[in-house]
Amino acid sequence: MPKCPKCSHDKFAIEDITLDHDEYDLVAICCQACDCIIGITEPYNIALSVKNLRAEVQSLGKILRSYVELTSLRSQSAAKQNQAPG
Ligand SMILES: [Zn+2]
């Protein structure tokens, strides 16, 4: 079981931290007994974020393919109308 390097306590908690910049959201993993910072991590579940991004990209891909097919059909239709004898 992981232990705090300062006091050997074995319970930890996520704590908000203040950084000099706001570019990234980060939180500290701290010992519950002495507040020693054990590690820094992002407050998000990266795997879930990637899964959600993949679904959004796939959805955008479907929309883009539909748009390309539609504009292609319109171009073909316009070309046929221009070729038809008057
Ligand atoms: Zn500790």
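**Close-up views of a predicted model**

**View 1. S8, ahead of the strands.** S8 sits in the segment before β1. This is a predicted model, where local features need pLDDT of at least 70, side-chain atom pairs count only at pLDDT 80 or more, and totals for chains, interfaces and linings use all residues. Residues are numbered from 1 along each chain as its sequence is written. Helices (H or I, at least four residues) and strands (E, at least two) are DSSP runs, numbered from the N terminus. Have a look at the backbone here: S8 is not a glycine, yet its phi is positive, about 70 degrees. Most residues other than glycine have a negative phi. S8 is exposed, with 10 other C-beta atoms within 10 Å. (A residue is exposed if 12 or fewer other C-beta atoms lie within 10 Å of its own, buried if 20 or more do, and partly exposed in between; C-beta atoms are placed from the backbone.)

**View 2. The sheet, strand by strand.** Here 3 strands form an open sheet, in the order β1-β2-β3, with antiparallel pairing. The edge strands are β1 and β3, as each pairs on one side only. Two strands pair if DSSP finds at least two bridges between them. Strand β1 (residues 12–16) and strand β2 (residues 27–31) are joined by 5 bridges, and F12 has C31 in β2 as its bridge partner. On the other pairing, 4 bridges join β2 to β3, with V27 partnered by T41 in β3.

**View 3. D35, in a loop.** D35 is found in the loop between β2 and β3 (37–41). D35 also has a positive phi, about 65 degrees, although it is not a glycine. With 13 other C-beta atoms within 10 Å, D35 is partly exposed.

**View 4. Helix α1, end to end.** Helix α1 (residues 46–83) has 38 residues and should span 56 Å at 1.5 Å a residue. (The expected span is 1.5 Å times one less than the number of residues.) The end C-alpha atoms of α1 are 55 Å apart, which agrees. Is α1 buried or in the open? The number of buried residues is 0, so α1 lies largely in the open.

**View 5. Two domains.** The domain assignment, which is automatic or from a database, gives domain 1 (1–43) and domain 2 (45–86). Taken over C-alpha atoms, their centres are 46 Å apart.
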